[in-house]
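Student: I have a structure to go through. Can we take it step by step?

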Amino acid sequence: MMFETLKKAPADKIFALVAEFKADDRADKVDLGIGVYKDPHGSTPIMSAVKKAEHSVIGAAATKTYVGVTGNRGFCDAVSDLVFADSVPSDRIAAVQAPGGTGSLWVLFQLLKRAKPNATIYLSDPTWPNHKPMCEAVGLKEETYPYFDAETGTVKFDEMLACLDGLGPDDAVLLHGCCHNPTGANLTPEQWDKVAASLKKTGAFAIVDLAYLGFGDGITEDAYGARKLASEVPELMLAFSASKNFGLYRERAGAAIAIGKDADATAIALSNMGNIVRTSYSQPPDHGAEIVRLILTEPTLRAEWETELKEMRERMARLRQKLADAIRERSNASDFDFVAEHRGMFSLLGLTPEQVDHLKVKNALYMIGDSRINIAGIPEDRVGELADAILSAVR
Ligand code: LMR
């Protein structure tokens with residue numbers, strides 16, 4: 001007998017909330033939980049560029065044979081170009097396709113563990129709830145760096161930088177490339193410049209989690225940090241996800257990217273990533289990656305995708321403004337103005353777990369236990385009602 005010797009594993013709080021929301025039969029329930037984009041009707045449709053690309057991919061497909069351990073090479077090249085543009089020479093970029101952003105992080109954490117078994121990885125406080133368990137699963141030591149000031153809803157940049165300045169070459173830092181999850185508070189370009197200078201000085205190693213490229217201020221704007229680091233530091237890792245910006249959640253399309261100090265070091269990184277992939281899951285699923293490759297390399301599809309992405313981004317910015325305005329009008333206070341300043345899919349409201357629970361029980365309003373809301377889940381015609389509920393919970 002074996003399984004009874006184990007303890008039950010903790011459920012992931014984001015997916016546990018998905019199940020709770022599903023089971024709630026109140027008609028007026030509102031889902032501000034999991035990070036999935038929603039349109040004005042509350043649904044998550046397939047993007048039009050994706051639908052067209054998918055038709056072409058299926059029409060053109062002649063085989064289902066294996067693609068290879070490192071996945072779809074056209075996808076890897078197109079994503080590397082999308083993220084880094086010309087900030088780093090292509091012979092210093094090693095990319096493997098991986099199952100989504102999480103699969104990409106998994107490959108990179110394993111690579112870090114291989115290269116620096118005693119490394120300590122610093123996670124932002126707070127961070128996406130799966131980061132810490134993943135580091136633990138790989139056997140990486142983790143610590144946190146100061147990031148979010150819940151009082152003001154802004155980044156505690158001086159404290160963050162002071163912590164980074166104290167790191168050394170055996171330390172790694174996990175940075176959110178844009179659209180910080182869960183807080184919604186992001187670094188400015190000037191702050192990214194300072195982070196790059198700090199890493200250059202201390203020799204600490206950066207891993208960028210880039211799961212929301214294009215959801216903040218635009219593709220170029222959101223890639224600023226990644227490009228700045230790539231152009232300044234000798235080595236870098238980046239996990240890219242196409243789950244949100246291409247709406248491909250269940251297809252698991254992502255890329256694990258390592259930048260080496262020269263072409264030889266980069267080739268070693270690539271071979272190790274290939275080896276990690278082969279010993280983990282052999283190779284990634286191709287369907288979603290081939291759709292992304294086609295969209296990024298075919299000009300008409302690319303233009304259509306960029307337009308759709310812009311609409312999604314602008315809708316989230318509008319919803320942010322509406323919610324902040326509605327709360328300010330009702331409370332005559334600027335306590336929640338930060339929601340309009342944040343970018344991306346999330347904002348951390350700074351409510352207590354009791355207040356979050358109260359909103360769920362009394363108002364059928366679902367958010368993550370740390371008070372993270374998914375901005376895209378806000379029903380546009382019920383913003384006032386939402387503002388009333390939030391204010392009644394905090395009073
Ligand atoms: C989220 O943070 O809600 C998303 O990234 C979905 C996930 O995998 O947790």
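Tutor: Start with a cut-off: a residue is exposed when its relative accessible area is over 50%, and buried when that area is under 20%. Keep in mind that this is a predicted model.

Student: Is Met2 buried or exposed?
Tutor: Find Met2 in the segment before α1 (13-23). Its relative accessibility is 52%. The cut-off for exposed is over 50%. Therefore Met2 counts as exposed.

Student: Which residues form a nonpolar patch with Met2 on the surface?
Tutor: The patch has about 390 Å² of accessible area in total. Besides Met2, its members are Phe3 and Leu6.

Student: Which side chain of opposite charge is nearest to Arg92?
Tutor: Arg92 sits in the loop between α3 (73-84) and β2 (93-98). Arg92 is buried and has no salt bridge. A salt bridge needs a distance within 4 Å. The nearest side chain of opposite charge is 6.1 Å away, and it belongs to Asp91.

Student: Which backbone oxygen does the side chain of Arg92 reach?
Tutor: Look for a contact at 2.6 Å from the Arg92 side chain. The backbone oxygen there is that of Gly260.

Student: How much of the ligand's accessible area does the protein cover?
Tutor: Residues around the ligand include Trp128, Asn181, Tyr212 and Lys244. On its own, the ligand has 260 Å² of accessible area, and the protein covers 85%.

Terms used:
Residues numbered from 1 in each chain as written. Predicted model: local features only at pLDDT ≥ 70, side-chain atom pairs only at ≥ 80, totals over all residues. Heavy atoms only, no water. Patch = residues over 30% accessible without salt bridge, like charges linked within 9 Å, V, L, I, M, F, W, Y side chains within 5 Å. Areas by Shrake-Rupley, 256 points an atom, 1.4 Å probe, with all protein chains shown as cover. Helix = DSSP H or I, 4+ residues; strand = E, 2+ residues; numbered from the N terminus. Buried < 20%, exposed > 50% of the residue type's maximum accessible area, 1.4 Å probe, protein only. Near = heavy atom within 4 Å. Lys, Arg positive; Asp, Glu negative; His and termini not counted. Polar contact = N/O pair within 3.5 Å; in protein donor to acceptor, adjacent residues only side chain to side chain.
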